[in-house]
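User: Please go through the labels used for this structure and set each one against its definition. I would like to see how each conclusion is reached.

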Amino acid sequence: MTVRNGPDVLENGRVCSFAVRGLTRRHRTGDRVVVANDHIDLDVPRGEVFGILGPNGAGKTTLVRQLMGLLRPDEGSIELFGHDVVARPDLPARLVAYLGQSDLALTDLPVATAVETTGRMRGLSKVAARAERDAVLAELELGEVADRPLGRISGGQRRLACVATTLVGARPVLVLDEPTTGLDPRSRRAVWTALRRRRDEAGVTVVLITHNVLEAETVLDRVAVLEAGRVIACDTPGRLKALVDADVRLELAWREEPPPDDPTVRWLSQGASRAGRRWTVRMPADQAREALAMLTTGPAFAALDDFSLATPSLEDVYLSLGGTARDLERA
Ligand SMILES: Nc1ncnc2c1ncn2[C@@H]1O[C@H](COP(=O)(O)OP(=O)(O)OP(=O)(O)O)[C@@H](O)[C@H]1O
């Protein structure tokens, strides 16, 4: 697998695919101003699978639209392989395969034709475009719908077909805005494998937006956590999770209201976040074990339907860093 396109701009010795400094973008609607990106600094080295994780409205799409030269920053700079994207907004389209949040408009095109045509537009010969089309459709298990128009397949299959168009033509950088939204677990895994394969075999850089914690933990080399337009953390998922390593997450599902005068219930209720009768408590592992021992041998056990203890996830990191939104997904 080799990377094509734009060798002239690639061969200037830069290690970073993207280098972003002080990036700020405000959206204005009438009198209202939303600071969607607030002085963001990021470096994405070549050959990294880099993620942008954050809840709805954190500013992820605004960020990648600027990376792609589709939206002009109010302040700050973006370099792509050392070249100024703000001065040359046409450059990303030559070097980056971009999957936006909404699907392709050409709904009458059969899946295979859409993939092949995209390959041709990215400079592949007819023979090469057909070969890549067949390989990508097989890789994402899209063979069965290859001849059907994009407008007449399921939403998940259409999303997968759009991912296929992003993968064809071997661009050195892929930017994907929530590529796996609406996909079943098998297709989701196929996309993750396809992205990592391109990183491993061709040194492709991947920038992936997600609000799925499992996706972030499974596929990313590094992740920037975005909250209200700012980067609140940026590191490997492993190192970020080590920040909260001493803690575990205790989940309790109550069958009925737990006895409020039970001392363990009173203790846990102070730190619990609640969704109906489900309580989530983040606490040191030894305390969680002690709480569970008391709960399961005391009077509150009769009101308890289920419980689990989990090791920390990126969601716990996000919350411990002061993240407030509740719409990060876990599965
Ligand atoms: N065109 C626009 N006009 C006005 N406000 C906007 C516009 N686009 C985005 N915003 C606002 O800017 C903020 C960031 O939006 P953005 O779409 O970048 O977030 P996001 O993290 O991608 O969210 P999601 O996960 O829901 O896609 C939000 O408050 C949003 O309402």
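Analyst: A residue is called buried if 20 or more other C-beta atoms lie within 10 Å of its own, and exposed if 12 or fewer do; in between, the label is partly exposed. The model is predicted. In helix H7, the residues Arg188, Val191, Leu195 and Arg198 are buried.

User: How do you know that the buried residues of H7 line one face of the helix?

Analyst: Seen down the axis of H7, the buried residues fall within an arc of 95°, so they line one face.

User: What do the buried residues of H7 pack against?

Analyst: Their partners are strand S3 (49–53), helix H6 (155–167), strand S8 (205–210) and helix H8 (213–219). Contact here requires C-beta atoms within 7 Å.

User: What makes the span of H7 close to the expected one?

Analyst: H7 covers residues 185–202, which is 18 residues. The expected span is 1.5 Å times one less than the number of residues. That expectation is 26 Å, and the helix reaches 26 Å from its first C-alpha to its last. After H7 comes glycine 203, with a positive phi near 65°.

User: Why is glutamate 178 called partly exposed?

Analyst: Glutamate 178 has 18 C-beta neighbours inside 10 Å. Buried needs 20 or more and exposed needs 12 or fewer, so a count between these limits gives partly exposed. Glutamate 178 is therefore partly exposed. Its place is in the loop between strand S7 (173–177) and H7.

User: What is said about the phi of glutamate 178?

Analyst: The phi of glutamate 178 is near 50°, a positive value in a residue other than glycine. As a general rule, most residues other than glycine have a negative phi.

User: Which residue in the hairpin of S9 and S10 takes a positive phi?

Analyst: Alanine 228 does, with a phi near 45°, in a hairpin that has 2 residues between the strands. Alanine 228 is not a glycine. Its place is in the loop between S9 and S10. Alanine 228 has 18 other C-beta atoms within 10 Å and is therefore partly exposed.

User: What joins S9 to S3, and in which direction do they run?

Analyst: S3 and S9 are joined by 4 bridges and run parallel. Leucine 53 has valine 225, in S9, as its bridge partner.

User: What makes S2 an edge strand?

Analyst: The open sheet has 4 strands in the order S2-S1-S4-S5, with antiparallel pairing. S2 and strand S5 (83–84) are its edge strands, as each pairs on one side only. S2 is joined to S1 by 10 bridges, and the two run antiparallel. Among the bridge partners in S2 are aspartate 43, for alanine 19, and leucine 42, for valine 20. The hairpin of S1 and S2 has 2 residues between the strands, and glycine 30 takes a positive phi near 60° there.

User: Which residues come nearest to the ligand, and what classes make up the shell?

Analyst: Of the 13 residues around the ligand, His27, Asn56, Lys60, Thr61 and Thr62 come nearest. Strand S1 (16–29), strand S2 (32–45) and helix H2 (60–67) each give two or more residues to the shell. H2 gives the most, with 3 residues. The shell has 3 nonpolar, 9 polar and 1 charged residues.

Notes:
Residues are numbered from 1 along each chain as its sequence is written. This is a predicted model: local features need pLDDT of at least 70, side-chain atom pairs count only at pLDDT 80 or more; totals for chains, interfaces and linings use all residues. A residue is near a molecule or strand if its C-beta atom, placed from the backbone, lies within 6 Å of it. Ala, Val, Leu, Ile, Met, Phe, Trp, Tyr, Cys and Pro count as nonpolar, Asp, Glu, Lys and Arg as charged, and the others, Gly among them, as polar. Two strands pair if DSSP finds at least two bridges between them. The arc is that of the directions from the helix axis to the C-beta atoms. Two residues are in contact if their C-beta atoms, placed from the backbone, lie within 7 Å.
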